[in-house]
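Please open the model in a viewer and keep the sequence at hand.

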Amino acid sequence: MSKAIVLNEKFENNGEVVLPASYEEINSHNLYLYVKSYLAALRSNTARAKTRAEVSGGGKKPKAQKGSGAARWGSKRSPLFVGGGQAFGPTKRNYNQKVNKKQKALALKYAINAQANNGSLFVVDSLKIESGKTKEAVAVLNKLNKRDTLIVCDVIDEKTYLAFRNIKNCYMVEKQEVNAYIIATYHSVLIEKSVLDALTKEA
């Protein structure tokens with residue numbers, strides 16, 4: 001079974017918490033489908049090209065129907081001409097990919113379990129930097145000794161936000177912002193115990 005590392009008030013190892021055994025049986029394909037859907041939803045969907053029906057000009061026939069020995073062109077709006085419409089160009093389309101609630105829940109469970117398996121899921125009772133000093137926030141991250149860290153709090157207070165906001169290798173979110181993609185993206189997760197209990201209960 002996967003185990004998350006419990007940290008004390010000084011952010012030192014203080015034991016382990018075991019995740020549900022059912023998490024080990026989840027197929028990784030659920031995470032793949034969720035990430036694919038999440039990234040598709042981020043696409044700007046602004047690519048657009050005009051067809052020959054939308055470009056201006058072309059009211060007059062470029063040349064006579066007969067006599068030139070060449071093609072019988074009827075309009076300069078044809079894709080064959082400079083300034084003409086584009087054939088099969090990009091148009092507005094829906095990139096959304098549906099993922100049902102059960103798959104979203106399974107993806108979240110799998111992402112949490114994967115972090116635990118890698119020894120990168122850290123649980124703390126409360127994460128607050130009351131001084132608001134970045135130096136103290138950096139000291140916390142140095143103890144984790146990971147390349148980058150996702151910090152998940154129940155509620156982010158102003159002082160804690162000020163302490164972490166300028167550190168480039170970490171990102172803070174509140175409970176309602178957590179999803180499988182953001183958990184899987186980071187090399188480690190530092191999460192408050194109340195949030196982890198809520199996520200494992202809801203997922």
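A disulfide is a pair of cysteine sulfur atoms within 2.5 Å. By that rule, this model contains zero disulfides. The model is predicted: local features need pLDDT of at least 70, side-chain atom pairs count only at pLDDT 80 or more, and totals for chains, interfaces and linings use all residues. Residues are numbered from 1 along each chain as its sequence is written, and side-chain values use heavy atoms, with hydrogens and water left out.

Select C153 first. C153 counts as buried because its relative accessibility is 1% (buried means under 20% relative accessible area, with a 1.4 Å probe and protein chains only).

Next, display the strands (DSSP runs of E, at least two residues, numbered from the N terminus). Six of them form an open sheet of mixed pairing, ordered β2-β1-β3-β6-β4-β5; two strands pair if DSSP finds at least two bridges between them. At the edges are β2 (13-18) and β5 (170-174), each pairing on one side only.

Within the sheet, select β4 (residues 149-153) and β6 (residues 189-192), which pair in the parallel sense over three bridges. Which residue of β6 is the bridge partner of L150? The partner is V189.

Key:
Helix = DSSP H or I, 4+ residues; strand = E, 2+ residues; numbered from the N terminus. Buried < 20%, exposed > 50% of the residue type's maximum accessible area, 1.4 Å probe, protein only.
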